[in-house]
Amino acid sequence: MYRSPFEVTVLIEDHPCEVMKIISLTGLKASVENVKLGEQTTDHIVSFEKEIEKSEVLKLKSNSVKVLRLSESKVWVRTNGCAVCRILYTSDVVVEKIKVIKERTLLYTLLVPNNSSFKEFLTKLSKEGVKVTVLNVSEISGAELTERQMEILQLAYKLGYFNDDRGITLSQLADKLGISPPTLEEILRRALRKVVKYYLDKH
């Protein structure tokens, strides 16, 4: 296993999320474009392959805290966080992508800083009785993203620094990390440049 940050793809079956179950029961193919994890709730931006009907939106609403239609084929769904979402929120991982494969079966692509964090993540899932299969592990070169950069990006992401409504300011984040705002700004700039380069090279 890798010591430096790596990307992992895992398949989670019998997923406890009711919204994912309803999405699957509609018979429509969908993918989760973005997820915002919280202590009590989880926000999903769900994109369907075709226009969703009003009746299907109502099904989602009956099992959700909040549902907003963003377009003909995209909805914003807020739910009470399930066991998997709570584990993702408290684990040292960053969610890159989520895809609904079939009813209660989801494919997650995650960024993980090191082997011990990944083992801890898998142990938490196992204790909850969640069936998880590791499908792929790919190393991200240490020259591309340092552990410190990964740590800061993860914290910034979890605290909402990259959200549209900016859950935390640069100064507040710098205070939590014990560094000056200019230093943090430079670290973020260098880290994001490497992340963008990594994805451009990959895709």
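**Entry 1: a loop residue, D14**

I began with D14, which lies in the loop between β1 (6-13) and α1 (18-25). I note that helices (H or I, at least four residues) and strands (E, at least two) are DSSP runs, numbered from the N terminus. The model is a predicted one, in which local features need pLDDT of at least 70, side-chain atom pairs count only at pLDDT 80 or more, and totals for chains, interfaces and linings use all residues. Residues are numbered from 1 along each chain as its sequence is written, and side-chain values use heavy atoms, with hydrogens and water left out.

I looked up the phi of D14 and found a positive value of about 55°, although D14 is not a glycine. D14 is exposed, with a relative accessible area of 60%. Here buried means under 20% relative accessible area, exposed over 50%, and partly exposed in between (1.4 Å probe, protein chains only).

**Entry 2: helix α2**

I then asked which residues of α2 (residues 54-62) are buried. They are E56, V57 and L60. These residues cover an arc of only 100° around the axis, which puts them on the same side of α2; the arc is that of the directions from the helix axis to the C-beta atoms. The face turned away from the buried side of α2 carries the exposed residues K54 and S62.

**Entry 3: helices α3 and α4**

I examined how α3 (residues 83-90) packs with α4 (residues 115-127), and recorded an angle of about 155° with the axes 10 Å apart. Axes are lines fitted to C-alpha atoms, for helices over the stretch in contact, and angles run from 0 to 180 degrees between N-to-C directions. The two helices, α3 and α4, are therefore roughly antiparallel to each other, a term for angles over 145 degrees.

I listed the residues that meet: V84, I87, L88 and T90 in α3, and F121, K124 and L125 in α4. Contact means heavy atoms within 4.5 Å. By class, the contact of α3 with α4 has five nonpolar, one polar and one charged residues.

**Entry 4: R166 and helix α6**

I found R166 in the loop between α5 (147-158) and α6 (170-177). Its phi is near 45°, a positive value in a residue other than glycine. At 43% relative accessibility, R166 counts as partly exposed.

In α6 itself, I noted L170, L173, A174 and L177 as buried. They cover an arc of only 100° around the axis, which puts them on the same side of α6. On the other side of α6, D175 and K176 are exposed.

Note on methods. Parallel < 35°, antiparallel > 145°, perpendicular 65-115°, else oblique. Nonpolar A, V, L, I, M, F, W, Y, C, P; charged D, E, K, R; others polar.
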